[in-house]
Amino acid sequence: MAPSKAFLIHIEVALLLHATFAVTAAAAIPTNATTLSHPDFQHFNIKEAIAETKKQPSKLSQSHELSYNVDEDGDRNDGELKLSYRLKLIHRDKLDISTTSPDHSHRFSQRIRRDVKRVVGLVRHLSGSGASSHGGGGIGLDNYEVEAFGSEVVSGMDQGSGEYFVRIGVGSPPRSQYIVIDSGSDIVWVQCQPCNQCYRQSDPVFDPSESASFLGVSCGSIVCDRLENSGCHSGHCKYEVEYSDGSYTKGTLALETLTIGSTQVRDVAIGCGHMNRGMFVGAAGLLGLGGGSMSFVGQLGGQSGGAFSYCLVSRGTDSNGSLVFGREAMPVGAAWITLVRNPRAPSFYYINLSGLGVGGSQVPISEEIFQLTETGEGGTVIDTGTAVTRLPTAAYGAFRDAFITQTASLPRAPGVSIFDTCYNLSGFVSVRVPTVSFYFSEGPILTLPARNFLIPVDEDGTFCFAFAPAPSPSGLSIIGNIQQEGIQISIDGGNGFLGFGPNVC
């Protein structure tokens with residue numbers, strides 16, 4: 001049942017990662033739970049993709065403020081949740097606060113280094129020390145590193161791992177802040193004054209003393225008890241969060257008003273971080289969209305029904321996608337699959353991946369390799385914070401070999417970074433490539449557009465198969481944001497479903 005007041009907040013997405021996106025016939029999204037026919041091959045415009053890598057990302061004005069929408073009567077809506085509200089959600093490249101403009105190879109190398117740190121942390125967190133290996137062999141956590149390529153690489157710890165940012169208002173009056181969205185996190189926080197240890201952000205650090213709605217949380221409150229790592233100092237609830245990539249935030253817990261477009265969401269439990277380090281450079285903090293009660297989605301409760309939908313705009317476009325909260329945002333015609341709950345990791349969204357396809361045929365891989373075990377190991381997570389999809393070693397090997405077999409006519413190139421299957425396509429205008437598909441236990445098949453699995457890693461025409469083996473000894477699979485680009489993804493946490501499509505962006 002939809003809530004009595006529809007909570008429907010649209011947040012626009014703008015991703016600029018220098019490669020064009022085209023919705024082809026191969027980007028078919030099934031609309032029911034049956035196995036649908038889909039193309040075996042598709043054409044990929046190489047010339048256009050290379051041209052996009054040579055464009056410099058346009059930077060946002062640091063004076064950009066929140067824009068308020070009006071309702072149908074022309075009046076500003078101050079909390080009556082009855083219409084859609086829009087903000088821009090941007091890719092980190094447009095929020096780069098450095099004075100240099102590195103080339104595509106440099107930006108891409110930085111992104112992969114951030115990605116490796118996140119994946120290693122996720123595997124350690126989700127698999128635990130006793131994880132069994134579904135795939136066998138592979139690369140151990142201690143050796144799961146990235147080789148530099150193309151140009152000097154800046155440390156991932158200095159650069160940050162957040163990929164998508166949204167601009168919201170914090171406090172009363174609202175102070176505009178860019179914050180990272182993360183589907184694997186269960187807390188909302190911003191850097192706060194006085195800042196004992198803070199990284200650089202694009203906006204002034206939030207000062208709670210200037211907000212009329214800021215209210216500290218006491219140690220004995222129910223909200224404080226809901227925190228996993230809480231403490232007490234001088235009667236104030238303290239929080240501490242360390243992320244899987246090594247980043248952390250420490251400070252006090254408070255209730256505060258957040259402004260989404262023109263909608264004020266009051267009494268949101270947020271962390272006011274006075275000691276923060278790591279992977280969030282440029283952003284003021286983080287908006288957790290995980291499955292726990294302390295995430296932004298969890299705190300909205302009945303207002304959203306635990307439902308939200310997002311569409312990550314593909315690299316190289318200046319158009320907008322969307323992030324939408326509320327059950328009424330759940331699309332008609334999506335292909336729905338069941339969410340799987342992992343008690344060991346309730347923040348993450350697990351799904352029933354059952355197989356992989358190349359060229360319209362399913363690769364012979366046992367379905368068991370993707371399953372979540374009774375002890376909470378393995379399984380498949382869909383994650384906004386991971387860039388490149390990771391697969392158990394045995395599954396990846398069979399998948400990659402099937403792709404290589406069907407691309408035998410394309411000239412190969414040496415491996416780059418975490419990618420071992422690359423091609424020299426500099427002399428091509430377009431190429432014919434096999435389709436790549438995800439198979440799910442309930443029946444749907446999600447077939448990806450070519451740009452979601454064959455990506456440029458430099459400006460010279462080197463393209464790589466955008467999948468990688470997960471570090472061993474892990475059976476974990478992670479569907480990353482490169483493979484999600486351009487496809488509407490809807491999460492109905494209240495009813496336990498995840499949907500693909502029917503829209504693209």
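**View 1. Helix α6 lies across β17 and β24.** In this predicted model, we start with helix α6, which spans residues 393–406. The helix runs at about 20° to β17, the strand made of residues 353–358.

**View 2. An open sheet of 4 strands holds β17 and β24.** Follow the order β18-β17-β24-β25 and you will find that the pairing is antiparallel. The edges belong to β18 (361–362) and β25 (445–448), each of which pairs on one side only. Strands of a sheet pair through backbone hydrogen bonds, in either a parallel or an antiparallel way.

**View 3. Here is a closer look at β24 and β25, which run antiparallel.** For a landmark, look for Y439: its bridge partner in β25 is I445.

**View 4. Another open sheet of 4 strands has the order β21-β22-β27-β26.** Its pairing is antiparallel. The edge strands here are β21 (412–413) and β26 (454–456), and each pairs on one side only. Helix α6 comes back into the picture, as α6 packs on this sheet and touches β21, β22 (422–424), β26 and β27. The direction of α6 makes about 135° with that of β27.

**View 5. Strands β26 and β27 are joined by 3 bridges.** The two strands run antiparallel, with β27 taking in residues 462–465.

Notes: Residues are numbered from 1 along each chain as its sequence is written. This is a predicted model: local features need pLDDT of at least 70, side-chain atom pairs count only at pLDDT 80 or more; totals for chains, interfaces and linings use all residues. Side-chain values use heavy atoms; hydrogens and water are left out. Two strands pair if DSSP finds at least two bridges between them. Contact means heavy atoms within 4.5 Å. Axes are lines fitted to C-alpha atoms, for helices over the stretch in contact, and angles run from 0 to 180 degrees between N-to-C directions.
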